[in-house]
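I opened the notebook to trace strand pairing. I went sheet first, then hairpins.

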Amino acid sequence: MHKISNVASQSPVVSLRNVHKSFGPLKVLDGVSFEVDRGEVLVLIGRSGSGKSTALRCIDRFETIDSGEIVVGSHRVSDPKLDLRALRQDVGIVFQSYNLFPHLTIEENITLAPCSVKGISKSQAKEQARQVLAQVGLEDKLHQYPEQLSGGQQQRAAIARSLAMQPKVMLFDEVTSALDPELTGEVLKVIEALAADGMTMVMVTHEMGFARGIANRVVFMHRGKVHETGPAAILTSPATPELAQFVGTGL
Amino acid sequence: MGGSLNANHLMFLGYGALWTIGLSLIGLLGGGIAGFIIALCRISPNRIVRLLSAGYVQLIQGTPLLVIMFLTYFGLPTLGVTVSPLTAAGASLTIYVGAYLGEIWRGSIESVPKPQWEAAEGLGLSRAQRMMKVILPQAMRIATPPTVGFMVQIIKNTSLASVVGFVELARSGQIINNSLFEPFLIYTIIAVIYFALCYPISRISRRLEMRSGPARLSLGTA
């Protein structure tokens with residue numbers, strides 16, 4: 001059911017082709033294929049256990065796949081000889097549980113990877129930390145520790161930390177699931193601003209209203225397969241009864 | 001024979017107590033270095049390294065320190081390696097303490113929440129960088145109270161060095177008792193000195209544990 005990309009157009013930033021993955025006897029991904037073009041926002045939706053988070057984690061090689069092919073930019077993710085650290089410099093990932101480093105200030109959280117992975121100078125990294133924090137509206141939290149911030153602020157700081165690596169693609173794994181509606185709003189606003197800036201993004205979310213507003217493409221996963229895919233409009237006029245039922249209960 | 005307890009005897013005991021402290025420090029330092037290496041080996045990605053280090057820990061934890069002391073002091077000379085009582089006691093403590101601290105520290109490293117590893121991985125940090133900059137600083141906070149608590153065990157275990165003729169506190173008490181024959185008095189003094197060495201450390205350990213309670217909680221949720 002997935003769209004066949006036009007050969008003449010630029011190659012996609014992320015592409016999954018016929019990806020299979022099992023955890024023991026449990027088949028989590030059963031021939032999943034989709035593509036994300038530059039500047040596009042792809043939203044993965046589906047019930048818990050439908051494989052959407054696993055698909056996302058495979059893109060950053062947090063899970064290895066059994067068969068199929070995953071390509072991110074120039075990285076062949078499914079190749080066992082992949083340069084993992086090079087891949088992760090191009091892919092930013094933000095998790096549901098923020099995962100800021102509790103023993104470091106927000107500034108140190110953000111400058112750690114640019115300094116130790118990319119080898120840029122401390123002063124340059126600090127300047128950059130100010131920029132990315134301003135981008136998420138937290139420039140006054142530079143010298144605070146994560147535990148001094150609210151959940152929404154921590155998640156925005158985690159997004160800033162990823163941005164500081166200047167990734168080509170950002171992955172969001174249910175980043176608002178641990179937040180109340182008010183804090184969810186402030187995080188979603190940051191993601192919207194990123195989308196408006198043309199960042200390529202893949203996100204797993206349960207926020208259907210948000211998905212409708214931001215998605216260029218929606219992938220509905222069901223039992224490890226891409227069950228329905230299309231523009232955001234499929235959320236309001238689904239073609240399959242499963243998606244209709246899902247958005248019916250999801251809204 | 002003997003006469004009564006005098007200042008010279010007390011000086012001798014004090015000298016023994018200093019060696020107890022010295023031997024404890026040797027055990028802590030040597031065992032600390034060995035323990036750090038063992039902790040890293042226990043979580044190595046290499047299966048053989050993991051198995052070898054686990055075997056070492058099992059072997060040492062299943063052997064009395066007294067027997068390790070006998071082996072190094074009386075066993076090694078039969079293989080042509082003669083060691084002084086200090087070397088034998090220091091080496092035995094290092095071997096013994098290393099196995100225990102290694103396990104304490106392995107547990108501390110593993111109790112840093114898994115998502116912390118993933119976050120560091122996602123940022124492209126190498127394994128060594130993840131360890132040094134993200135995991136170990138958090139593990140150290142978790143490891144401090146049990147490590148300080150274990151120091152009490154080290155101090156008390158140094159008394160076993162008396163069996164290889166090393167004159168630390170317990171041995172110096174034995175020597176004095178051999179001439180004065182006042183076992184109750186002398187061993188009471190020895191016990192009081194051990195207590196005076198250990199009690200402050202136990203208190204520090206207790207206090208560290210209370211302080212790190214909430215800190216550990218915040219590690220879990222962050």
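I counted two strands as paired if DSSP finds at least two bridges between them. I took strands as DSSP runs of at least two residues, numbered from the N terminus. The model is predicted.

Entry one: the hairpin of β9(A) and β10(A). I found 5 bridges joining β9 (residues 217-222) of chain A to β10 (residues 225-230) of chain A, and the two run antiparallel. I noted His222(A) opposite Lys225(A) in β10(A). The hairpin has 2 residues between its strands, and Arg223(A) takes a positive phi near 50°.

Entry two: the open sheet. In what order do the 4 strands lie? I read β2-β1-β4-β5 in chain A, with antiparallel pairing. The edge strands are β2 (26-36) and β5 of chain A, and each pairs on one side only. I then looked at helix α1 (residues 52-59) of chain A, which packs on the sheet and touches β1, β2 and β4 of chain A. Its direction makes about 120° with that of β1(A).

I counted 5 bridges between β1 (residues 14-23) and β4 (residues 67-72) of chain A, which run antiparallel. Val14(A) stands opposite Val72(A) of β4(A) there. On to β5 (residues 75-76) of chain A: 2 bridges join this strand to β4(A), again antiparallel. Val72(A) stands opposite His75(A) in β5(A), and Val71(A) faces Arg76(A) across the pair.

Which residue in the turn between β4(A) and β5(A) has a positive phi? I found Gly73(A), at about 55°, in a hairpin with 2 residues between the strands.

Conventions
Residues numbered from 1 in each chain as written. Chains lettered and ligands numbered in written order. Predicted model: local features only at pLDDT ≥ 70, side-chain atom pairs only at ≥ 80, totals over all residues. Contact = placed C-beta atoms within 7 Å. Axes fitted to C-alpha atoms, helices over the stretch in contact; angles between N-to-C directions.
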